[in-house]
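Student: I have a model to go through for class. Can we take it step by step?
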Amino acid sequence: MSGAPRHAPLTQFALRDDCLQVGGVALTRLAERVGQTPFYAYDRAALTARVAELRRHLPADIELHYAMKANPMPALVQHMAGLVDGIDVASGGELRVALDSGMAPERISFAGPGKGDAELACAIAAGSVLNMESGAEMARIDAIGRRLGVTPRVAVRVNPDFELKSSGMKMGGGPKPFGVDAEQVPALLERLGRLALDFHGFHIFSGSQNLKAEALQEAHEKTLALALRLAASAPRPPRLLNIGGGFGIPYFPGESRLDLEAVGANLARLLPAVRSQLPQAHFVIELGRYLVGEAGLYVCRVIERKVSRGQVFLVTDGGLHHHLAASGNFGQVIRKNYPVVIGNRVAGGARETASVVGPLCTPLDLLADQMELARAEAGDLVAVLQSGAYGLSASPAAFLGHPAALEVLVGERAARGDAA
C-alpha cells in the first residue's frame, strides 16, 4: 500500500484524542447529540473559512454566488446567504429555500432547462433573475410577465463554443441541453430587444470539478472574450456577467488541490480590459462544490465486522442510498475511493485493509474498497470526508426502504462584526 497514490492531506476537521472534531464537537459526542446514524454533518467554520479564502485570492470586484444544487439544506443555505453575494437555484423548490434564506430576491438567479410555467411565474413575481435556456423559454417568460404585469429580469445562458478542459463534467461545447448555442445568441438578443424583458446579461458555464489552474485560466480568457463579442448584439449594456465556476476539490488518491492563487491572479490580469468595455457589469463566479464540499462529512456506524475468504468487511448502517457519489455510482467510470476514516480512531494503533459496505442487498453498496483503515469493531463510526456537496440530495434515499439520514449544521455562528 505504501507505493499507492494517497489522498491529498485533509485538515479541515481537527483531531483530539484520535477522534474527529466537527464544529468543535467530538464525533462520538455529536453522534449522541444527533441521536442516530447515519447523518451528514457540516461545519460552519469551514464554510466561512472557504469563502474568506476565495475573497483573499480573487479580485475584489468578483462577486461570489452559491450554486445551491451542491447542497440545499435550508440551514446551510441560510448560513451561506450571510457570506456570499448571491444564490443560484435550479428549481422552484430551491427558489423557495433561497427566498427564505434572506438573500435579496434580485440576487437570486434561476438556471436549468425545462422550467415549468409555475416555476417561471414564481421567479418573475419574486423579482429574481431567470437564466434563459432557449428562445421558446424566452417567449414563455415574456407571456407570463405580461400576464402578471411584471417585467421579468432575465439573462441569457450561453452554451459556449468551447469546453472546460480536464473538467469532471463538461457543461459547454458541442450539442447540449443547457443554454443557447453561442452562434444563435445574437439573433435571440435581437428578438429579446422587442419583448417586455429586463435584460441583465449573460451566464456562461463551461464545466465543473476542475483541479487544473491552467484549464480554468484558459476557460476564463475564452469566456470573457465571448462575452465581449455577444455584448455587441445586446439590446442594452450587460449589467451581469456570470462566468460560471468549475473549481474542483480533491476526492481521489493522487489528486492535488487547485492552485486558487494562480486562478485569481489570472482573473486580476484579465478583468481590467473587460471592465473598460463593460463598465456597468457585475462579474460573478458561481460555485457550489468548492464552497461546501470539504466542509461536510457523512457518518455511519459499524454494525458488524465480517471476514469473508480473508477479506475484512465493515458492514454499516449507511450506504449508497444516502451517499451515491461515495459508492462510485454518481458519474465515476472507474470506481475510486473517497477519503474514508474510522472517525473515532483515525490513526488507530492497529491498521488493516478493509472494505466498508452498507446494508443494501447489492454489491454496488460500497463506501470504501480495500482501504487502509484503523482496525474497527461494531459500534465504531465510519466518516466519509469531502461529503458536503452532492450527498444526500443526490442519492436514492427511498431505495429499499431504509431510514433516511439526518443533516446537521455544527458550530457557533460568528458574532456580528467578527472577521470571516
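Tutor: A definition comes before the rest: helices and strands are DSSP runs, helices (H or I) of at least four residues and strands (E) of at least two, numbered from the N terminus. Keep in mind that this is a predicted model.

Student: OK. How many helices and strands does the protein have?
Tutor: There are 11 helices and 22 strands.

Student: How much of the protein counts as buried?
Tutor: Of the 420 residues, 54% are buried. The accessible surface is about 17400 Å², and carbon and sulfur atoms account for 52% of that surface.

Student: Switching to charges. How many positive and negative side chains are there?
Tutor: The protein has 42 positive and 42 negative side chains. The centres of the two sets lie 1 Å apart.

Student: Now rings. How many aromatic pairs turn up in the whole structure?
Tutor: Eight. One of them is Y251 with Y338, a tilted pair with 4.8 Å from centre to centre and 45° between the planes.

Student: Where in the chain are Y251 and Y338?
Tutor: Y251 is in the loop between strand 14 (240–242) and helix 9 (260–277), while Y338 is in the loop between helix 11 (324–327) and strand 18 (340–342). The two are 87 residues apart, and the pair links distant parts of the chain.

Student: Which kind of pair do F252 and Y338 make?
Tutor: The ring centres of F252 and Y338 are 5.7 Å apart and the planes are at 70°, so this pair is edge-to-face. F252 lies in the loop between strand 14 and helix 9, and Y338 in the loop between helix 11 and strand 18, so the pair ties together parts that are 86 residues apart in sequence.

Student: Is F252 buried or exposed?
Tutor: F252 has 11% relative accessibility, so it counts as buried. Y338 has 5%, so it counts as buried too, and Y251 is buried as well.

Student: Which residues form one aromatic cluster?
Tutor: Y40, Y42 and Y298.

Student: What is phi of Q370?
Tutor: Near 50°, which is positive in a residue other than glycine. Q370 lies in strand 20, residues 366–374, and with 43% relative accessibility it counts as partly exposed.

Student: And where is Y390 found?
Tutor: In the loop between strand 21 (381–384) and strand 22 (406–410). Y390 has a positive phi of about 50° although it is not a glycine. Its relative accessible area is 19%, and the cut-off is under 20%, so Y390 is buried.

Conventions:
Residues numbered from 1 in each chain as written. Predicted model: local features only at pLDDT ≥ 70, side-chain atom pairs only at ≥ 80, totals over all residues. Heavy atoms only, no water. Buried < 20%, exposed > 50% of the residue type's maximum accessible area, 1.4 Å probe, protein only. Areas by Shrake-Rupley, 256 points an atom, 1.4 Å probe, with all protein chains shown as cover. Lys, Arg positive; Asp, Glu negative; His and termini not counted. Charge placed at Lys NZ, Arg CZ, Asp CG, Glu CD. Phe/Tyr/Trp six-rings, centres within 6.5 Å; stacked < 30°, edge-to-face > 60°.
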